[in-house]
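Thanks for coming. I have one model to go through this morning, and I will keep it short.

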Amino acid sequence: MNIPQNPRAEIQQLIQQGDLEGLLVKAGELHGHFCPYLALGVKAAYTALKRLGIEQSTGMEEIVAIVETNNCFSDGIQMVTGCTFANNALIYHDLGKTAVTVARRDGAGIRIVLKDEWRDAFNTRHPEAYALFKKIVVDREEATPAEQERLMQVWTESSFDQLGLPEEEIFDVKPVEIEVPPFAPIFASVRCSICGESLMETRARVKDGKPVCITCAGAEHYVLDGSGISIRR
Ligand SMILES: [Zn+2]
Ligand SMILES: [Zn+2]
């Protein structure tokens with residue numbers, strides 16, 4: 001096997017070539033389907049990287065992406081910037097805005113926000129996609145297999161259509177200076193005295209003088225799901 005030295009060589013090349021369609025295809029591999037917000041995430045990430053003069057990222061936090069939504073948009077951001085949930089270069093603020101700030105470690109960044117006018121413009125441009133999305137996804141109405149299939153089809157078409165729209169029609173783009181958080185620390189592990197599973201020391205609780213995991217302690221913790229971040233037990 002030929003082991004690649006740069007796992008993101010293909011994405012890097014697509015960024016260099018300004019191949020937004022190719023980047024959306026790659027983002028679809030991660031996201032599982034093509035949708036307009038994924039395309040917007042791809043376009044926003046590309047725009048930010050271009051403005052910052054960045055063409056590659058190694059996922060070692062040399063750039064960070066701060067996303068303000070956990071909708072489809074953020075998968076476009078992850079794939080194109082290489083800043084992901086697990087390499088700690090993706091920072092999530094639970095604000096519910098289709099917005100991202102991409103920044104270099106020195107704090108120089110670009111904030112991009114989806115314009116409010118985008119939604120109406122999209123619905124006018126893609127009435128069938130809008131109508132099917134509303135019926136099947138928003139209102140959760142019964143849909144025929146043909147309608148389901150048609151939704152995915154028009155959704156895909158409308159996604160690729162977003163890539164060609166002028167940036168100023170879609171986004172507010174402005175340079176920002178931000179304080180980039182320190183590199184993610186590496187924490188020691190401890191073993192839960194009840195279930196025996198290992199966990200980060202900072203997440204351990206103490207019961208009868210011994211370390212236990214949050215699950216065994218029945219303690220509160222943060223959960224990120226489709227509704228955003230909440231506290232659960
Ligand atoms: Zn999606
Ligand atoms: Zn445990």
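Predicted model: local features only at pLDDT ≥ 70, side-chain atom pairs only at ≥ 80, totals over all residues.

**Metal site and sheet**

H31 counts as buried, because its relative accessibility is 16% and the cut-off for buried is under 20%. H33 has a relative accessible area of 29%, which makes H33 partly exposed.

Both histidines belong to the zinc site. The zinc ion, ligand 1, is coordinated by H31 and H33 through NE2, and by C35 and C72 through SG, at 2.1 to 2.4 Å. Along the chain these donors follow the spacing H-x1-H-x1-C-x36-C.

What is the arrangement of the four donor atoms around the zinc ion? It is irregular, because the angles they subtend run from 91 to 145 degrees, and tetrahedral would require all angles to lie between 85 and 135 degrees. For reference, the ideal angle for four tetrahedral donors is 109.5 degrees.

Now the sheet. It is open, has five strands in the order β2-β1-β3-β4-β5, and its pairing is mixed. At the edges are β2, residues 90–92, and β5, residues 171–177, each of which pairs on one side only. On average, neighbouring strands are turned by 20 degrees against each other, direction ignored.

Strand β1, residues 63–67, runs parallel to β2, and three bridges join the two. Within that pair, I66 has I91 of β2 as its bridge partner.

Last, the helix on the sheet. Helix α3, residues 36–52, lies across β1, β3, β4 and β5. Relative to β4, residues 108–114, helix α3 runs at about 150 degrees.

How values were computed
Residues numbered from 1 in each chain as written. Chains lettered and ligands numbered in written order. Heavy atoms only, no water. Pairing = 2+ DSSP bridges. Helix = DSSP H or I, 4+ residues; strand = E, 2+ residues; numbered from the N terminus. Axes fitted to C-alpha atoms, helices over the stretch in contact; angles between N-to-C directions. Contact = heavy atoms within 4.5 Å. Donors = N, O, S within 2.8 Å, 3.2 Å for Na, K, Ca; no water. Tetrahedral: all angles 85-135°; square planar, octahedral: opposite > 155°, others 65-115°. Buried < 20%, exposed > 50% of the residue type's maximum accessible area, 1.4 Å probe, protein only.
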